[in-house]
Amino acid sequence: MPPVLEVRNITKRFPGVLANDQVSFTLEPGEIHAFLGENGAGKSTLMNILYGLYQPDEGEIIINGEQVALHSPLDAISRGLGMVHQHFMLIPTVTVAENVMLGKEITRGPLLDRATASKRIRDLSEQYGLAIPPDALVEDLPVGVQQRVEIVKALYRGADILILDEPTAVLTPQEAEDLFKVIFSLRDQGKAIIFISHKLKEVRRIADRITVLRRGRVVGSADPQTATEAQLATMMVGREVVLKVEKGQAHPGQVVLSVQYLTVIDDRGTLAVDQLSLEVFAGEVLGIAGVQGNGQSELVEAITGLRSAISGSVRLLGKEVTNTASRVLYEAGMGHIPEDRHRHGMVTSYSIADNMVLSTYYNDPFAKGWVLNSAAINTNAATLVEKFDVRTPSIETPAGKLSGGNQQKVVVAREFSRPLKLLIAAQPTRGIDVGSIEFIHKGIVRQRDEGTGVLLVSAELDEILALADRIAVMFKGKIIAMLPAVQATREGLGLLMAGVTNQQSVTPAPDDLDFAIAASPDAGANAPEPPQAPV
Amino acid sequence: MSRAPATTPSRAAIDWRNVFFSVLVPILAIFTALLIGAGIIWATGANVAAAYTGLFSGAFGGVQAISNTLVEATPFMFAGLAVAVGFKCGLFNIGAEGQLAMGAISAAVAGFAITGLPTFIHLPLALVIGALGGAFWGAIPGFLRARTGAHEVIVTIMMNYIAIRLTDYLIKGPLRDRNASAPRTPNILESAQLPLLLGPEYRLHAGFLIAVIMAFFINWLLNRTTTGFEIGTVGANPGAARYAGISITRNFVLAMSMSGALAGLAGAVTVLGVERNLKASFSAGYGFDSIAVALLAKSNPIGIIPAAIFWGALRNGAGLMQLQSGISINLINIIQALVIVFVAAPDIIRLIYRIPKTGDQQAVFTRGWGS
Amino acid sequence: MKPFFNRFRVVGLVGIVFAALLFWLVAQQVPWEAFSTLRITYPGARPVDPPLLDIPLPTLITVLIISLGLIVGGIYTMLRQQAQLIPWYVGSIIFATMFTILIWASVERRVDIVDMFARMVRLATPIALGAMAGILCERSGIVNIAIEGLMLTGACVGFIIALLAGNPWVGILGAMAAGGAIVMLHALLSIRFKTDQIISGTVINILAVGATGFMRTAIILPLQAQGNTGASLPILPIPLLSQIPILGPILFTHQPIAYAMLLLVPILTVLLFRTPWGLRTRSIGENPRAADTMGIDVIRMRYMNVFLAGLIAGLAGAWLSLEATFNFDDLMTNGRGFIALAAMIFGNWMPFGALGGAMLFSFSDALQIKIQSFDFALPPQFIQMLPYIITIVVLAGVVGRTRAPAAVGKPYEK
């Protein structure tokens, strides 16, 4: 059988970057072809070229034996390509049916024919086992279902080739399993699938063929049956990766952070954190695992003073600090690496020097009374740039011009530059290069060894497993399990992250340190009366 | 880790290449607008040369003309600074008009109602009261924006209309000078008058000096103090400001109060330096012109000095232009609008004159209804 | 702990205090035995004709009932704490206040309320049309605060064309063309040059003030001096329908642009929510990239919708110079373009909601005009402030419970 898609010598340059360099591959019908590579390896660029969003500088694309030029997504769609983007391309405020038919509407006269559209969608979702409600608003659907809407969008347009860009990034392990079933069903009905990921395990699990990209080049292919994870990792990164962070035994001290029956609502007014309790001890890393959107962000915001809790209490070093201003918390010894460095962590238009004093600018020596002291601010920045290996042309460079990893190092450097008792690290290595990840991980462990209590929130299970001394699993606003890291397994945590608590392997074992807060109703029975505020 | 040439300037150093490019665009914008203005003059059949020489000599031909230009420029300087302070905090203050009116009426009341004080107390007092009047009027939209999310653009415009009605009521009602035929407030006392700088035959008053000093002060405040750091952080990234423990509400109110106070001073110096009283038909279009001045200066406080003088020159020279060529004074408004079209969209100028892009992009930014 | 004063409690409390103050204020001025009479006239009746109905109301007791109603509403809002209650409560406070002022001002007088409501619809025309223009732009992701300037330009050019042609109908076309032409500058600046859209809109407002001022002195005044005149658009009562009591005068006895507004609101609703064009428009305002990947030309659609909005804003301007009067004055829009945006926000970017918002403002305008002829305790300037104060109250009370299109104000880059 001829390949449905053949890509020959694709090259794409951006100013200063060679995103794709002579990339070639083929795709057979009924095949799952996985592309493995780090962030920035050129996977997304390649897929955007296939989908007509970028034009290649060199090279050719052959679909069903015919050389084609794809100038727009419309061209790609008409050639039978469909793409499920990492960030969903959905309109949250309109219905599933409207989302699916957008751009290729079914009409009766001048008006939209929603009934026929719904029927088409129901038929499609039955054929491939997708189960989506055509008349629901997309914003009301869980992430996994939204992703299936994306798949139906492609199928509705008659796609034979489906590109899935990091599809499991936002899913629970169980949702990912469901997705894999859908992918297998699509393959069995003759669709060709390109599956992009940087996760070794799932690629080995579902791919028929693996192509590894590094720095815009194809560095090799592998057979998922025979290649080991270590081999794939080496191909992907180009050197032996230290998958484990060197760290010794934790020596937990007294309680630095104590959260009791904390309840927080999110921006839309729904309950995000539900009567949650936890404690962080000096000299340990408590890792909070969980799929994104289970209240982790709101929990962190409530602890750090960025969002007010509606009931419950937060104590820092034994002092009541519920709903206290962030500045007071910082001055009491809290550090915070926020989950979104662009939204919270830095001002991209400010220089590195200014970002390094973003929360301390008013203190001596950075300010003398009302007046800023440029010399002290610059000295501080020069020292931290040196110490944290921030790669920058100068301390005057606007932070926005640095790479993601270096930006994150600026944030980390600033937080670590104060004496800390408690460090809240939310997604501290999201979207940055391996070198910076290693550096930041080491920094966090060093903080722990110096006696700081660390609360680590991460969606990356590997990060949690590498850093945490104790692991709490957060699901729907509650901590549903708390266990020592040594007892944790990927599989067990995966199930817990999906809300499955009645398993043998990770039964929470309460003792003096590793207590469990079960989601049972009597957990809050002998609690101090939480003030009732209507939600 | 060597210093790269094209980074934004630090607090201390001046990057002359950047200064050159940031001045080049406004100058070319003015040039292009005047060129189009010439086209309009030509189309209406008037004499372009006569119009523009009239405009120039009306603005700068002799000490009297220059004095009048600077008098015209003074309120624009204050009001332009007002808008610039708002921009720094990410707020778009279209309400200079109303704040100016409130400042004018407050200063007028302080000028005629408080008696028996020597100049060195009465004059500063009247200025401060004028500034407070404007600050109060500016603080309201700042507070509403911070607490309720009501967008300051619409609220400040509504506050303009309310201020105009309110001053109209006050001038025609409780504050009216019963001895004057036209509705106006009583004249301010001599002890509250701003001294004339060039003697009685010229109108140039000390308000101009205060405006220039204020520009340097605001520049220092915004760039070298913790207050400026806070306002700038809130303006550039409110999320980061919250994270850094900087209160958004406080800085929104503070920035809008400062902005209002500056606009109030524009009104106060006009009453205390030029008009000596407040008439019913007092303010005309300062609100929008102040935005134009701030944009022309790219919201840089020092840049506002030449920008305001240019604006004052256009206004002051317009009379002679009309006299010499018969073209309507309103042509000036079109030229002014074109200038800010080109300043607001520098890419147009870059396109026309093939200027390369420099490091700094948008000097000012505002936010939509959402956040 | 969560602060006691959440939005609901603040709004409720403000409403309750306000209602009590309102009653107290009226009670200071009006004796208990005073009556106000609301009159309902026959369609087309002259002032001397007998009324269809006279409703005598004991002034102070009515105000008391209104205040008590507002207090109950306030308590309800504080207790129920539902997001959708706030626009309703804020809206009723405003209407109740205006109604109170109306009967307060008409103590021992008769007020023709059918006429008031007819006037409300008429005066809502430019605001509602401006709001429709705003909805078109913002639903496509473009903030348009230039509506004020577009209306002004439309009014000016429309009037010039009408003077030249001697026919107001031709003037309407001129006004729409002018709105469409000027708005393309905003489109160009904000779509092509990615200028901050609020700045770009402000620039156009300034340009409009300058250009219309210039055109008035350079074209309109000379034309009028040469004796060019004309008449405003005629009232076209719809046969039969206009004879229905109450509804006839309110809805079916209007001039053409008012009818156009009344038609445009439902048409735009259907277009936005029931047609492919509407679906695409809403998607480019919410997530332009998603629309782009589905083959929708985001840039082209934005240009098109902004252009259509310009035509509508021009029509709104024509109302000022060709329908309300036959004249053009400097700055004659008087903030209506900005009020239109407030109406749009009040109506949650929905055409009918925006019409409701427009009516809120136009009723206060109608009230102010009505009361000006009365000898009334409040100075006229304060009554004139009403629409502007209401705009602020509406924005402060409603924003946050409404939801702007997600991508509004952000330039789209491929």
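Me: How many residue pairs are in polar contact between chain A and chain B?

Reply: A polar contact is a pair of N or O atoms within 3.5 Å; within protein, one must be able to donate a hydrogen and the other to accept it, and residues adjacent in sequence count only if both atoms are side-chain atoms. Between chain A and chain B the count is 15 residue pairs, both at pLDDT 80 or more. This is a predicted model, where local features need pLDDT of at least 70, side-chain atom pairs count only at pLDDT 80 or more, and totals for chains, interfaces and linings use all residues. Residues are numbered from 1 along each chain as its sequence is written, chains are lettered from A and ligands numbered from 1 in the order in which they are written, and side-chain values use heavy atoms, leaving out hydrogens and water.

Me: Which elements of chain A each supply at least two residues of the side that touches chain B?

Reply: Helices (H or I, at least four residues) and strands (E, at least two) are DSSP runs, numbered from the N terminus. In chain A, they are α10 (326–331), α11 (341–345), β20 (371–372), α13 (374–387) and α14 (404–416). The largest share, four residues, is from α11(A). By class, this side of chain A has 19 nonpolar, twelve polar and eight charged residues. Here Ala, Val, Leu, Ile, Met, Phe, Trp, Tyr, Cys and Pro count as nonpolar, Asp, Glu, Lys and Arg as charged, and the others, Gly among them, as polar.

Me: What is the area buried between chain A and chain B?

Reply: The size of an interface is often given as the accessible area lost when the parts come together. Buried area is the accessible area (1.4 Å probe) that two parts lose on being put together, summed over both. Chain A and chain B bury about 2,800 Å², with carbon and sulfur atoms giving 57%. For chain B and chain C the area is about 4,000 Å², with 80% from carbon and sulfur atoms.

Me: And how many salt bridges are there between chain B and chain C?

Reply: A salt bridge is a side-chain nitrogen of Lys or Arg within 4 Å of a carboxyl oxygen of Asp or Glu. Between chain B and chain C the count is zero, and five residue pairs are in polar contact there, both at pLDDT 80 or more. On the side of chain B that touches chain C, α6(B) gives the largest share, 13 residues. That side has 33 nonpolar, nine polar and six charged residues.

Me: Where do D57(A) and R13(A) lie in the chain?

Reply: Over all chains the structure holds 41 salt bridges; in one of them D57(A) meets R13(A) at 3.9 Å, N to O. D57(A) is in the loop between α1 (43–50) and β4 (58–63), while R13(A) is in strand β1 (residues 5–14), 44 residues apart.

Me: Why do β18 and β24 of chain A each have one side without a neighbour?

Reply: Two strands pair if DSSP finds at least two bridges between them. The six-strand open sheet has the order β18-β21-β22-β15-β23-β24 (chain A), with mixed pairing. β18 (334–337) and β24 (478–484) stand at its edges, each with a single partner strand, so one side of each is left without a neighbour in the sheet. Six bridges join the antiparallel strands β23 (residues 470–475) and β24 of chain A, and M474(A) stands opposite I479(A).
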